[in-house]
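Thank you all for making the time this morning.

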Amino acid sequence: MSSVDSTRIGFRDALMHLAKERDDIVFVSTDSLKVVKGEPFLEAYPDRVIELGISEQNGVGVSSGLASSGLLPYICTYAGFLTMRACEQMRTFVSYPALKVRFVGANGGLHGGNREGVSHQFIEDVGILRTMPNFTILCPADGNQVYQAMLASADIDGPVYIRIGSGREEKVFPDGTPFPLGKVRTIVDEGNDVALFCHGFVTNRVIEAARQLKEQGISVKVVEVATIKPLDQVGIASILEKTGCAVTIEDHTIINGLGSAIAEVIAEGNPAYLVRLGLQDVYGESGFPDELLDAYGMSVEDIIEGAKKAIKHTKA
């Protein structure tokens, strides 16, 4: 495959690949075909697109029917319109019977909302779905990782949620890098002073913070937790045992997201000091992605200060 920078294009290209390989792939659109630039899919597979208009609740119902009939539906639209507007349908018609529906949520986090504003910035989606049994939740870092996550997750039993962005994400991993389904991945390993846990579209910032911390004599592990559910508790516990402290960085509310997940591992027998960076129980404003991440405590400088705070408390 060619290089993919946009997470939306990563989704579309992977769906094209899957449809070529298997006959059960169906794209359910709730007026969202153009959101993911899906016209090539429609042209190649017109009989595998079900367009329902702006009706996310109906879209989830249709998807559950398709899945119960042996098909593999992918429904993609804005993350909040799925996880909030159609939350009950996702719970009762898909999660409860553990059907194989693939939900792909665009505009995850603050990173995605400067075109449409606060109504299209979704900072609660991961937290909502963490409460639903049977769900697998994936938060890839860039377009190629979305592509790889789509391929890796196609045969998972039960529902899957894949968080994608606005289409303007920075490239993090080389083309073709496999997606670590169900496992954490250490992407920078300079030592054991502190662990920086992250996923999604802030990963590039965390890598830069680690580089600057190294220049200051602080040895860091950067650990990607791209599968937020089921959580790799064993892998996380092993890292916490080495460092004794950690920082979580997520473009999401810190409530019931990555920070909460790491805190749960700590509370259940792996003592460590934790700093959680992300939306601190507030909504964001409208603005450009990098400016918003900086404004809400996810800048490179914030990550560096969070790491120093965690180390200082651990060594006190």
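Which residues line the largest cavity? Before I answer, two remarks on provenance: this is a predicted model, in which local features need pLDDT of at least 70 and side-chain atom pairs count only at pLDDT 80 or more, while totals for chains, interfaces and linings use all residues. Residues are numbered from 1 along each chain as its sequence is written, and side-chain values use heavy atoms, with hydrogens and water left out.

The lining of the largest cavity consists of His-111, Ala-141, Glu-169, Glu-170, Phe-201, Asn-204, Arg-205, Asp-290 and Leu-293. By a cavity I mean a set of points, on a 1 Å grid over the protein atoms alone, where a 1.4 Å probe fits but cannot get out, and a lining residue is one with an atom within 4 Å of a point. The elements that contribute two or more residues to this lining are α8 (203–215) and α11 (289–295), where helices (H or I, at least four residues) and strands (E, at least two) are DSSP runs numbered from the N terminus. Sorted by class, the lining holds three nonpolar, two polar and four charged residues; here Ala, Val, Leu, Ile, Met, Phe, Trp, Tyr, Cys and Pro count as nonpolar, Asp, Glu, Lys and Arg as charged, and the others, Gly among them, as polar.

The largest cavity contains about 60 Å³ of space, a volume being the space filled by probe spheres set on the grid points, which are joined across faces, edges and corners.

Val-126 is found in helix α6 and counts as buried at 2% relative accessibility, where buried means under 20% relative accessible area, exposed over 50%, and partly exposed in between (1.4 Å probe, protein chains only). Val-126 and Cys-139 are 13 residues apart along the chain, and their C-alpha atoms are separated by 8.9 Å.

Let me move to helix packing. Two packed helices are described by the angle between their axes and the distance between the axes. Helix α9 (residues 233–243) and helix α10 (residues 258–267) have axes that come within 10 Å and cross at roughly 70°; axes are lines fitted to C-alpha atoms, for helices over the stretch in contact, and angles run from 0 to 180 degrees between N-to-C directions. This makes α9 roughly perpendicular to α10, under a scheme in which angles under 35 degrees count as roughly parallel, over 145 as roughly antiparallel, 65 to 115 as roughly perpendicular and the rest as oblique. Gln-233, Ile-236, Ala-237 and Leu-240 of α9 meet Ile-262, Val-265 and Ile-266 of α10, and the residues of this contact divide into six nonpolar, one polar and no charged.

Gln-233, in helix α9, is partly exposed, with a relative accessible area of 42%. Apart from neighbours within four places in sequence, Gln-233 is in contact with Val-265 and Glu-268. Gln-233 and Glu-250 are 17 residues apart in sequence and 18 Å apart in space, taken C-alpha to C-alpha.

How do the axes of α3 and α5 cross, and at what angle? Helix α3 (residues 56–68) and helix α5 (residues 87–95) have axes that come within 9 Å and cross at roughly 5°, which makes α3 roughly parallel to α5. The residues in contact are Gln-57, Val-60 and Ser-64 of α3 with Gln-89, Met-90, Phe-93 and Val-94 of α5, and by class they are four nonpolar, three polar and no charged.

Finally, the backbone. The peptide bond from Lys-229 to Pro-230 is cis, with omega near -5°, and Pro-230 sits in the loop between β10 (227–229) and α9. Asn-107, although not a glycine, has a positive phi of about 65°; Asn-107 lies in the loop between β4 (102–106) and α6 (125–130) and is buried, with a relative accessible area of 0%. Asp-281, also a residue other than glycine, has a positive phi near 60°. Asp-281 is in the loop between β12 (273–279) and α11, and is exposed, with a relative accessible area of 60%.

Methods
On a 1 Å grid over the protein atoms alone, a cavity is a set of points where a 1.4 Å probe fits but cannot get out, and a pocket is an open set with protein on both sides within 12 Å along at least five of seven lines; lining residues have an atom within 4 Å of a point. Contact means heavy atoms within 4.5 Å.
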